[in-house]
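Student: I would like to learn how to read strands and sheets in a model. Please start with the terms.

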Amino acid sequence: MILTALGNHLWQSTLFIAMAGFLVLILHKCHARVRYWVWLAASIKFLIPFSLLVAMGSRLAWSPGSPVANNRLHFAIEVISGVTPATVVPGLVHVLPTLVGVWLCGFLAVLSFWYVQWRQMSGATRDAVSLPEGREVEALRRMEHIAGIRQRIEIRLSHASIEPGIFGIVRPVLMWPEGISRRLDDAQLDAILTHEVQHVHRHDNLAAAIHMVVEAIFWFHPFVWWLGARLIEERERACDEDVLELGSERQVYAEGILKVCEFCLASPLACMSGVAGGDLKKRMVNIMTERMLHKLNFGRKLLLSATGLAAVAGPIAFGLVTAPPTRADSAAGSAFAQESEQPPDAHASVHASKEEMTALILKKVPPQYPETAKKAHIQGKVILRAVISKDGDVENLQIISGHPQLVPSAIDAVKQWKYRPYLQQGKPVEVETEIDVNFTLAK
């Protein structure tokens, strides 16, 4: 069950990444922030299984379950969508503890790596000296005002060999290496600070933390790490575009970045948004090349909206149409109660208990145990709702509960059952009841 659910979630998330990549290709001439949000949505998808959205939809269901004619169709769709467990590979269950152990080792290793980096940056932040005034502070306040940031960003002068960067999420701090300001003229200083302020304005550290969680949980998925590289690349390009749009000259900004890299000669930490992140060579080309960036036109907006709506509303709608029928009984009952203009017994529904109807069974066909369920050691009870006609035939079968691999066999068997007519005041009537079909493996 766990392995199957995980497998379904992984291939769905991988497909989502492929769809995101297709959208990014279509949007390659648009602003980098658009592509960044597409990749971020693909990352967040790893934390939101489609089965969760389907479950939400099933709780909102208002209509009765589907009749027996559609049961097989619903079952097939559920298996394809990954909402219900698919076939479990025989013998794989026995290696589950080993797989969990391997995953846990990888999970702890990734967390340890992030924790060490965070401790390094946290220690550097504590050792840094707050800069209350000066050329850097004045420029930072101007950039904050332009970006519309109300909360002031504290700037700290660090003795460590780090690049300028934003550390923290709730209270972001700008780490500024000591001595770097002497290498930057006023225009270059403004451009570098604008870049850092844009990281705060865009909440890039929060987004990076979310993807770090994804990387820690799904460390074994190669596309997760590839996705992280795409996020950093588009994040830095988005900030570069913002800096240029706010009036910085291309050559001045590019020279400022190169001076920062020459001064620091250090790789950026994953827990901090800096100015030298991403593919530096590609960034320099993009900064120095004056390209026409297209805004999202109506067609592209419609495409993004439709894709997002389908990703969220699709599974919820599926949960609505495939919800168990018991969740709609009260709504159906109230609708019948409001039909006061019709005769009292025109749509009367007689309910009989399982015990009453068991005593009326004339022909009971046992279900055939599915081979895949046998091999996976799946057993349990399938509960169906049925209408027994005046002639004793089974009609309008609906699924209440039961393992998806057992349901079709149970339906096939119950359809062949035959009952004696249920009598009310000496006359046969249609009756609604519940039927239990048990699947038990011989020991």
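Tutor: Two strands pair if DSSP finds at least two bridges between them. Helices (H or I, at least four residues) and strands (E, at least two) are DSSP runs, numbered from the N terminus. This is a predicted model, where local features need pLDDT of at least 70, side-chain atom pairs count only at pLDDT 80 or more, and totals for chains, interfaces and linings use all residues. Residues are numbered from 1 along each chain as its sequence is written, and side-chain values use heavy atoms, with hydrogens and water left out.

Student: In what order do the four strands of the open sheet lie?

Tutor: The order is S6-S13-S8-S9, with mixed pairing. S6 and strand S9 (394–401) are the edge strands, each pairing on one side only.

Student: How many bridges join S8 and S13?

Tutor: Nine bridges link strand S8 (residues 380–388) to S13 in the antiparallel sense. Gly380 has Phe439 of S13 as its bridge partner, and Val387 has Glu432. Strand S6 (residues 350–351) runs parallel to S13, joined by two bridges; there His351 is partnered by Glu432.

Student: Which side chains of S13 are buried?

Tutor: In a regular strand the side chains alternate between the two faces of the sheet. Buried means under 20% relative accessible area, exposed over 50%, and partly exposed in between (1.4 Å probe, protein chains only). In strand S13 (residues 431–439), Val431, Thr433, Ile435, Val437 and Phe439 point to one face and are buried.
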